[in-house]
Amino acid sequence: MKKAYIVRLSDILDQIQSYLPGADTRLVEKAYVYAARAHAGQVRRSGEPYLSHPLSVAYILSQMKLDIPTIAAGLLHDTVEDTNVTIDEIRHLFGDTVADIVDGVTKISHLPVKSKVHKQAENFRKMLLAMAEDLRVILVKLADRLHNMRTLEFMPEHKRQRIARETLEIYAPLASRLGIDWLKRELEDLSFMYLYPEDYRRLREEVEKVVAARQDFIEEVKSIISQKLKEEGIEGRVLGRRKHLYSIFRKLQRNNLSIDQLYLIYDIIGLRVIVKQIKECYQVLGIVHSLWKPIPGRFKDYINLPKPNMYQSLHTTVIGPGGRQMEIQIRTEDMDRVANEGIAAHWLYKEDKIISASSVKNGQLDWLARLVELQKELQNPRDFIESLRMDLFPEEVYVFTPQGDIKVLPRGSTPIDFAYAIHTEVGHHCARAKVNGRLVPLDYELQTGDIVEIVTSSQQKPSRDWLKFVKTSRAKSRIKQWLKQEEKQRIFAAGREILDREFRKVKLTLSAFLDDERAEEIARSFSFKDVDELIIAVGYGKITPQQLVRRYLLEQKKDEKDIEAEEKEILQRKRKYHQRGPETVSVEGTKDVLFHLSKCCKPLPGDEVVGYITRGRGITIHRADCPNLENLDPDRLIDIKWETGDGASYTARIWVITVDRKGMLASISGAISATEANILEAELKTTQDKKALFNFVVEVSNKAHLDRIMNNLRQIEGVIRVERRFA
């Protein structure tokens with residue numbers, strides 16, 4: 001890959017003057033000097049000075065014709081995250097606008113130690129809230145991501161994969177939502193290149209062949225249309241339009257085609273006609289349809305029905321010369337500019353103009369308001385990230401209410417999604433659906449132009465089966481909320497029943513406990529806000545009914561010494577019951593919860609883990625990458641973290657493949673013993689190809705201890721592979 005051009009400050013200033021002639025650029029120059037000092041001595045993985053990155057980001061922002069504060073923020077965007085600079089210093093030196101943009105782009109660096117998914121979710125939450133207040137935040141972030149993708153070759157392979165995947169699933173769709181087509185296309189193609197390098201290489205070669213083969217055909221059609229425009233007195237341009245590689249790859253996948261079948265994709269190259277006025281768009285459409293036969297169902301009027309990202313154009317597919325299908329897009333000059341520049345084409349290049357989600361008219365940023373609402377509702381980080389990916393997915397259908405109101409939904413949406421888009425209660429009580437006047441199943445896939453009527457019933461309630469086919473995050477979150485509340489009521493009833501039985505064993509009643517003024521105090525002592533939450537915790541198994549009854553009895557004794565002594569005894573029994581030392585877990589700051597380690601993945605302290613709330617048996621701890629999590633109810637998954645201490649021990653299974661030679665078992669045993677670990681089980685097999693297979697069960701204190709053992713084993717001459725096994 002050729003070495004990238006290093007941007008200079010003069011390049012940025014020249015670009016600014018090209019669209020803001022006479023602009024005062026002193027703020028940008030000041031930001032450049034400050035960033036140069038802050039990043040002095042820092043070097044990128046490419047070997048270039050770190051300053052080359054903020055310079056490139058600022059230049060991309062100037063290419064987007066953004067205002068002076070945004071470009072200054074682009075130069076400063078990494079200072080708070082990667083140097084000793086504080087946001088207060090930025091605010092003092094560069095003002096509130098620049099500081100707010102920089103703060104919005106800066107990742108949260110002081111999060112408690114939680115899972116990577118949790119950190120990713122919290123950073124996206126922060127970014128969404130910041131961009132809802134000022135869209136310049138996301139434009140700086142997109143420019144930052146674009147330059148990072150352009151230089152991704154210098155990152156390790158595992159980071160390339162992660163960053164490219166995140167770019168494809170989050171940042172490219174964000175660029176699409178904002179209508180910045182050129183940026184979306186480049187992000188997608190760069191992600192495609194790193195995620196599927198072989199497919200990218202082959203497709204690029206094949207597309208070049210197709211383009212070369214179809215060039216004469218495209219030139220012929222361009223000539224015919226241009227001549228007709230001249231005859232009709234319409235001033236316009238006729239251009240060839242080439243689909244970008246990832247778009248072609250996606251189309252092959254959707255149609256279940258291989259790269260060898262590329263010739264079946266007719267719109268790799270299309271035509272775009274650009275005119276001056278809207279009425280001329282429809283005149284050109286008439287001309288095209290008079291020249292060639294249109295294909296039924298392939299006409300789309302995005303002028304009268306713009307896409308949510310402000311895109312407007314007419315699309316038609318016709319049978320062109322020689323019987324070849326071809327797509328033709330027709331739009332005005334203004335529409336073409338918006339199609340490429342998106343939201344920046346209208347507002348953001350104006351000086352000191354803050355654009356927020358609420359300040360944009362015609363619902364063009366309703367999707368952002370929905371995302372902000374979504375992040376408030378979905379506290380589970382995995383649910384939030386998944387819903388974010390889903391809501392940003394750019395392919396949509398346009399459906400209508402019987403009154404003619406338009407609802408924009410993701411492709412694949414169902415009548416249930418439509419019902420929840422109208423109102424939560426309509427969704428909850430959706431019993432039947434009519435599409436274009438006829439009854440359809442609730443999992444029917446809606447198509448653009450469908451008129452949808454929802455029939456409700458007070459007897460109808462959300463079903464867990466709905467979650468298998470609904471597409472919108474709004475529908476999913478509302479259904480899950482309802483199911484969670486229903487589950488909570490069931491668990492509350494179960495908790496009452498369990499406690500009632502336990503109180504009767506000591507000749508007390510639950511009602512007496514509930515009427516006792518000490519009940520609320522006891523609930524708070526278990527870290528629950530009220531007695532209802534305490535009863536639910538018993539139903540889930542977070543605490544045992546015996547614990548609660550004992551605590552109540554202790555409170556009745558009124559003897560602080562007895563209370564303290566019995567508390568210690570209870571804690572000792574509890575620890576003995578769990579068969580563990582000081583190693584424990586906490587849930588939302590609450591320690592000493594009832595838990596057990598899953599047998600399927602055998603997590604160790606130090607592993608990234610999640611908890612699963614069982615009915616009556618407390619919390620089961622799974623590794624975050626445990627395949628069995630996919631089969632569990634996501635509403636019962638909770639974030640947990642290890643509370644570490646000294647003295648606890650756990651078992652782990654290690655699988656070792658070596659060459660078959662004398663003394664190998666002794667070498668391996670010695671390497672394990674050197675880490676002060678005990679071998680509990682050992683199994684040895686040899687193969688015909690002179691290899692030895694060792695299966696050990698060892699006693700370790702945590703994951704770091706296990707990692708040391710495995711690293712020691714890898715250093716032994718003749719060891720081929722060392723793996724952690726779970727069965």
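This talk goes through some local features of one predicted model, from its helices to its cysteines.

First, the conventions. The model is predicted, so local features need pLDDT of at least 70 and side-chain atom pairs count only at pLDDT 80 or more, while totals for chains, interfaces and linings use all residues. Residues are numbered from 1 along each chain as its sequence is written, and side-chain values use heavy atoms, with hydrogens and water left out.

I start with two helices. Helices here are DSSP runs of H or I with at least four residues, strands are DSSP runs of E with at least two, and both are numbered from the N terminus. Helix α3 covers residues 52-63. The expected span of a helix is 1.5 Å times one less than its number of residues. For the twelve residues of α3 that gives 16 Å, and the end C-alpha atoms are 16 Å apart, which agrees.

How much of α3 is buried? Buried means under 20% relative accessible area, exposed means over 50%, and partly exposed is in between, with a 1.4 Å probe and protein chains only. Ten of the twelve residues of α3 are buried, so the helix is largely enclosed by the rest of the structure. Among them are H53, P54, L55 and I60. The buried residues of α3 pack against α1 (9-19), α2 (26-38), α4 (68-76), α8 and α10, where contact means heavy atoms within 4.5 Å. After α3 comes K65, with a positive phi near 60°.

Next, Y196, in the loop between α10 (181-195) and α11 (197-231). Y196 is partly exposed, at a relative accessible area of 28%. Not counting residues up to four places away in sequence, Y196 touches R165 and F249. With R165 there is a side chain to side chain polar contact at 3.3 Å. A polar contact is a pair of N or O atoms within 3.5 Å; within protein, one must be able to donate a hydrogen and the other to accept it, and residues adjacent in sequence count only if both atoms are side-chain atoms. The C-alpha atoms of Y196 and Q161 are separated by 9.6 Å, and these residues are 35 apart along the chain.

On to the nonpolar cores. In soluble globular proteins, nonpolar side chains tend to be buried together. A nonpolar core here is a set of buried Ala, Val, Leu, Ile, Met, Phe, Trp, Tyr and Cys residues joined through side-chain atoms within 4.5 Å. The largest core has 104 residues, and L203 and I328 touch the most other members. Helix α11 gives the largest share of this core, ten residues. Leaving aside neighbours within four places in sequence, the contacts of I328 include I225, L271, V273, V288 and W292. Apart from this core lies another, of 33 residues, including L604, I621, I638 and L713.

Now the strands. Strand β21, residues 691-700, is mostly covered, with seven of its ten residues buried. Which strands pair with β21? Two strands pair if DSSP finds at least two bridges between them. Strand β19 (residues 650-659) pairs with β21 in the antiparallel sense over ten bridges, and β20 (residues 678-686) does so, also antiparallel, over eight bridges.

N256, near 55°, is in the loop between α12 (245-254) and β2 (269-275), and is exposed at 71% relative accessibility. E676, near 65°, is in the loop between α25 (664-673) and β20, and is exposed with a relative accessible area of 71%.

Last, the cysteines. How many disulfides are there? With a disulfide taken as a pair of cysteine sulfur atoms within 2.5 Å, the count is zero. The sulfur of C601 has its closest cysteine sulfur in C626, at 3.8 Å, which is too far for a bond. For C626 the closest is in C600, at 3.5 Å, again too far for a bond. C601 is buried at 3% relative accessible area, and C626 is buried at 6%.
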